[in-house]
Amino acid sequence: MAELSKLYDAVLAGNAAEAKAITQEALAAGVEPMRLVNDFMSPAMGEAGRRFEAEEYFVPQLMLSARAMKTALALIRPLLANRETRSIGRIVLGTVKGDLHDIGKNIVAAVLEGGGFEVIDLGVGVTPEQFVQAIRDKRPGLVGMSALLTTTMLAMKETIETMRRAGVREQVKVLVGGAPVTRSFAEEIGADDFAGSAADGLRAAKRLLDIAPFIQRAGS
Ligand code: B1M
């Protein structure tokens, strides 16, 4: 098996084929999937971000690194999904308006699914109105919002206000996350909770949905 540090190198270098091959090999050798994400891929994306800030990397390199991570993640996501048990709750998830970052949001989705939730992923650049429509159509117990930019985290506030005006805010719990988001920001905008990682997101969702007004069960 290739050294796992080569996965870090492949993501950082934006080499999708190499990242995929190492991931495949590691999974076949029984390496725990989230170890590949947490110990190698995410740190490589963090370093890509640092280089971008230092003007050593530019947008094309960031895009290549992101593509390499997404290619490798595509192998991992099905392994995290919990197909054995019935859904313990329905979650609508999306990256907020103006924001195209979806790697973290996709990991959160995979971990929530692995934890037994049904996840309706609205994708990226989700407007407040689209969140409201999804609450009406899908009746989730929880709405999860992700933002990676200090500018777009303000769309979380706008979304919660739009939910309030539409009269659907009290029907759901709201969980927010993403690199620039903090607990105090979550409190300030009237979210129910904040999560700093996918694992925290799963714990928060379970906690919040235990006390949510309704929880959708599969088949109900
Ligand atoms: Co962009 N980008 N980017 N980028 N990018 C950042 C975020 C940045 C910090 C880089 C930097 O300068 N160091 C910076 C933001 C600065 C700021 O706002 N203060 C930045 C910028 C400036 C930009 C552009 C404006 C660049 C430009 O065009 N000039 C542009 C904006 C585009 C837009 O969205 N409108 C842009 C574009 C891009 C790419 C398209 C090239 C690419 C995204 C590809 C994609 O996602 N499909 C990209 C990337 C890859 C990054 C970095 C390098 C990596 C992000 C990432 O995937 N991290 C990032 C730097 C960094 O974060 N260090 C950067 C790995 C991922 C696993 O972590 O997303 O934090 P993260 O998710 C974690 C937790 O945060 C948490 O769990 C996840 C898993 O543990 N979490 C949640 C996330 N959401 C959650 C929700 C929850 C719970 C937990 O509950 C609902």
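Which residues lie nearest the centre of the largest pocket? Select His101, Ile103, Gly104, Lys105 and Leu148, which hold that position among the 46 residues of the lining. Before going further, note that this is a predicted model, in which local features need pLDDT of at least 70 and side-chain atom pairs count only at pLDDT 80 or more, while totals for chains, interfaces and linings use all residues. Residues are numbered from 1 along each chain as its sequence is written, and side-chain values use heavy atoms, with hydrogens and water left out.

**The largest pocket**

A pocket here is an open set of points on a 1 Å grid over the protein atoms alone, where a 1.4 Å probe fits, with protein on both sides within 12 Å along at least five of seven lines, and lining residues have an atom within 4 Å of a point; the volume is the space filled by probe spheres set on the points, which are joined across faces, edges and corners. Next colour helix 3 (33-53), helix 4, strand 1 (90-95), helix 5 (103-114), strand 3 (142-146), strand 4 (173-177) and helix 9 (198-210), the elements that each give two or more residues to the lining. Helices (H or I, at least four residues) and strands (E, at least two) are DSSP runs numbered from the N terminus. Helix 3 gives the most, with nine residues. By class, the lining divides into 28 nonpolar, 14 polar and four charged residues, where Ala, Val, Leu, Ile, Met, Phe, Trp, Tyr, Cys and Pro count as nonpolar, Asp, Glu, Lys and Arg as charged, and the others, Gly among them, as polar.

Now select Glu158 and Lys97, whose side chains meet in a salt bridge at 2.9 Å, N to O (a side-chain nitrogen of Lys or Arg within 4 Å of a carboxyl oxygen of Asp or Glu). Glu158 lies in helix 7 (residues 154-165) and Lys97 in the loop between strand 1 and helix 5, so the pair ties together parts that are 61 residues apart in sequence. Glu158 is partly exposed at 29% relative accessibility (buried means under 20% relative accessible area, exposed over 50%, and partly exposed in between, with a 1.4 Å probe and protein chains only).

Within helix 7, pick out Glu161 and Lys157, which form a salt bridge of 3.4 Å, N to O; being four residues apart, Glu161 and Lys157 are separated by about one helical turn.

Move on to Asp192 and Arg169, a salt bridge in which the closest N and O atoms are 2.9 Å apart. Asp192 sits in the loop between helix 8 (183-189) and strand 5 (193-195), and Arg169 in the loop between helix 7 and strand 4, so this pair ties together parts 23 residues apart in sequence. Arg169 is buried, at 6%, whereas Asp192 is partly exposed, at 32%.

**Two residues with positive phi**

Select Glu55, in the loop between helix 3 and helix 4, where phi is positive, about 60°, although the residue is not a glycine. Glu55 is exposed, with a relative accessible area of 60%. Then go to Arg139, in the loop between helix 6 (128-138) and strand 3, which has a positive phi of about 45° and is likewise not a glycine. Most residues other than glycine have a negative phi.
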